[in-house]
Structure formats: C-alpha cells, structure tokens
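Today I opened my notebook to look up the charged side-chain pairs. Here is what I am working from.

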Amino acid sequence: MMEGALALPQFRSRVGVGSRILLSASNPGAACGSSGASGRSRVSRVHPGAYPRTAGRGRTWKPDSPEASPRRSGRTKISTVNLEVSHHRAVAAVRLLRIEKGKAFVDLLNEKGNGSGENEMSYVERTLGFSTRCLDNRDIRLVTVIVAGTVRWKRYLDYLIMSLCSEEKMFREMEPLLLQILRIGFFEILKLNVPAYAAVDENVRLAKVALRPGAGNLVNAILRKLLLLKETNSLPLPKIEGDDRAQARALSIIYSHPVWMVRRWIRFLGKDEALKLMKWNNSDPHFSLRVNTANGYTRADLIDRLESLQVHYEKSTMDEFVRIQEGMQTVLQAGLLKEGMCAVQDESAGLVVSVVDPQPGETIIDCCAAPGGKTLFMAARLSGQGKIQALDVNKGRLRILMEAAKLHNLDAMISDIHADLRLYAKETTVKYDKVLLDAPCSGLGVLSKRADLRWNRQFEDLEELTCLQDELLDSASMLVKPGGILFYSTCSIDPEENEHRITAFVQRHPDFVPQSVHGYVPAEFVTKEGFYSSSPTKHSIDGAFAARLVQSVF
C-alpha cells in the first residue's frame, strides 16, 4: 500500500517543536483528545517512569525489542503518556526498529485508519516505556513518509553517520534505537529540508527521554556537525572513480542501493539508465486505482468521488484506471475499497491482464493467484461468462482473495484451489483454455513502492528464484488445453527472470511457441522479441514482464 506522499509545506507544518507535556494515566488513550492541542498547556507533575534513564543499559527489557515488557513483573502497570517528545518521530523510530527485525512493513496506511495509530502506540509503549499522544490521519501519513524515506536512503544515511562518528567502532556498536533516531534526523535534514531547529531539537529530546541525557548530547553533536557540512556543501560522500567495481560501490552509497543491484543494472541497462532507475526507486511513488466495472461503476463514477474528496488525480491511458500521487489515506478512509468501487492496482498489472485478454466463456486458471489483483480484473473482463480458478499455496491469502471477490461481486465466477502448483498439476486431469503463471520473483520492478525490498534481496536469491520459476512453468504447462495459451509474468525487470526463462522453457517444451503481444498492449510496451515489458523510467509505472506461449495442436 501507500508510502505516504505529503506536500512539503504541509509536512513542515507538522514537524515543528512538539508539545512539552507529560501525563500519567492508567489509560494511554487519555491523551488522544489532545491531538490538536497547541502545546502550551503545562503539567508539573511527571510520573517517575516518564524518563527511562537507563533504557537499554542495565534494564530487564531491551529498548529495541517491541515484544519485551517495559515493566518488571509483579508491579502494577501505570501507562505514562509523554507529550514532550515528538510523537510521530517516536512512532517512526520504533517502527524502524521493528522493520529491521522483520516484524513490520514500511507502510502504515491501511483501512483501519486511527486503529493503525493506536496499534503503533502500543509498540511505542512496550519499546520505550511510555506513550505519546495518539496519531491522527495526517500523523500517520507523516510517519509513513519518514519511515519509507529513511529505509530507502539507509545506506546513504549510514555512510554519513559513520563518517561523522569519532571512530567507526562507535557506529558499529551503536544502540539500535539511537541509530534509528540519527537516521531520522539525517533524513529530515538532507532529504526533507526540515528546519534545522526542529530536526535537531526534537531528535535530541527523543534520544534523551527514550534513552538517557548522554544519548541526546551525542545526537546533538552529530546533527549539528551534519548541518555545518550541509551549509558548506562539504558532505563526505565517496567519489565516483576507479574501476567498475569501485564506481559501483560509490554509486550504491550515493543512491542507496545494494552494490550487486548497481553492478547488474549497469551491466544490463548501461550507466545512465541505471542512474535513472535508482532515482525512480528513491522517489515518492504514485498509485493507481482500478474501477470495479463488475459492480456497475465507471471511471467517471470514481472520478466524481475523488473530486468530492478533493483528491487530485490524472486519467490513465487504460480506461479502467486513475492515478493519484497523494490522498490514498483519504480514499481508504472514505471506504471506496470497502464499497467495492475500486481496487489499488498498478497499470503494469492491468497490462498483463490485457496480454491474457480474457474472453467471455473461457476457462482460466491463475496459478499463483494471491493476493488476487489480476484474478479479479480477469474475472471482470469475462462479463459474467466463464470461470476462473485461483490457485495458491497460501491459504490465508486465498481467503483474502475470495473475500475481495465477494466484495467485487465476482465470487460466482472465481473458485479457489489451495495447493502447491507442482503437486496439483501432476494430480489433476483438468485442462484450461488459458493458464496464467504470475511467478514469484525478485520484485525488482516495484522498488519504488516497496521501500524495504532492496535490502531484503540478495544476489543469490536470483538463482533460487529462477529454478523455482522453471519448475512452476513446467507445471503450469501441464494444465493447458491443446491449442490453449500459457502466460508467464513477473514484476521484475531482470532478463534472467524474464526473457531467459522463456528461452529455456521453449527449449524444454518445443510444443509451445511464443506469440507476440502486439495488438494486446500499446506498441511502446512490445519488445523486439514480442514480449510485454514495462519500464519505470520509460513508462512511469512499475516494471513488469509477460509472454504468450501457444501450445501446438497435434
């Protein structure tokens, strides 16, 4: 989902010095009503637990472990609401901790609205030992901006933080929470242009309250050193020089991507195109909404709702789609998805469905169907005639797919199959007119929307994925009727996962012949080999690939 585009003037208005209020309450929600307070009220009595003086040092709980209890067992728990610290920075720091531990995603925006803010506050209390005031929808967007941006720019930020530490050992042994606070401060100063006083004062205060005074002093010294270097345009960034390997290392720091990705893209795309791609991946993503025609809605209906909500949009070249840069939280809160009026789906995925070209009366199986965006769109294209089988190995994700199908009034046309494709293909005798394999892949075409994905992928993953893709393609081919069509798609831009997989498959299965996608998608998306390919830098949508493979009739 959305990573939270927020206009800079609006952002700056939300990042100033926070309310300097502390409360003790048995219910942390006691401060929720003060979310719009001016910050000038004063409360003189502070619960001793408001300042965990030795958090992370000599305590029975770890400040970087949201699952640990911040209180010793046997004591009556008294929730402390601390309104002195910047609430959205506290939430962002804790969420960044959880992301590094693999216990959270970057995105905060969801259909629960304020409920997501309450959930985050519970993690803050368990991690820091106190709560802050509740998050409203604008706060949630702000946290999402900070978290997504800090994750994207992590390699760049860490390089600079380490450069400004007195010695490398200080950086290597830095407490996780302290590192997250520094990352937030660096990101705000370097990428969001937050006023210096706010970025320094608020992050220093958070470090002092959440850790100890000495931690705040360290944050103050490092951030002020950064400000001086920024003002004199003398940031200690690496120079792009030396051999290809050395240049790739420097570029990986400057553009904050893994070295292996940089080297691979320069090899396949050339240096200029690789730089454009990294800039795209580091930009705030736009999102697309696909209107649900199966429920009788038109794009004009969707546009009317967006205008009434004052959400800016632009029409896509695809009839069912509308693009938005900001306002996703507004769309979610208004219930457009819950009403079944639309779904969040990139045009690149819509173009894959265009390649499949579902026709009324056809039988289609989507072999790795969850979460179901393409399944639903294909079903809508069948105009009430035909059948789609949604197969997936993940039962929980299949359940969510079927709930969405009911919401979109498509449940009569979609049936689910909980199975491993490789086993199902061997056991069933059923054949289909069309078989779509939207294969598990590296996701290298969607790094703009998936801020953390770049750090979760290793070069070695590609070899494992290509082996899996070959196995799944072989299995999917067993489900195609004579004369039927097999479709292979990914959300990757890597030729090893795309063109090379088709070449290898055709060598193993000469009875399948590649068929050009020309006429199914606009010419700008058709490669010289006749495949569908979308490029983030050329088409301003996610990167994706698809091929049509027709089985010969014997």
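**Salt bridges, looked up one by one**

I started with D346 and K449, whose side chains meet in a salt bridge at 3.1 Å, N to O. For the record, I count a salt bridge when a side-chain nitrogen of Lys or Arg is within 4 Å of a carboxyl oxygen of Asp or Glu. D346 sits in the loop between β6 (342–344) and α15 (347–356), and K449 in the loop between β10 (432–438) and α19 (453–456), so this pair ties together parts 103 residues apart in sequence. Helices (H or I, at least four residues) and strands (E, at least two) are DSSP runs, numbered from the N terminus. I found both D346 and K449 buried; buried is under 20% relative accessible area, exposed over 50%, and partly exposed in between (1.4 Å probe, protein chains only).

A note on the source: this is a predicted model, where local features need pLDDT of at least 70, side-chain atom pairs count only at pLDDT 80 or more, and totals for chains, interfaces and linings use all residues. Residues are numbered from 1 along each chain as its sequence is written, and side-chain values use heavy atoms, with hydrogens and water left out.

Next I looked up R183, which forms a salt bridge with E100, the closest N and O atoms being 2.6 Å apart. R183 lies in helix α7 (residues 176–190) and E100 in helix α2 (residues 87–100), so the pair links parts 83 residues apart in sequence. R183 is buried at 5% relative accessibility, while E100 is partly exposed at 46%.

Last, the total: I noted 26 salt bridges in the structure.
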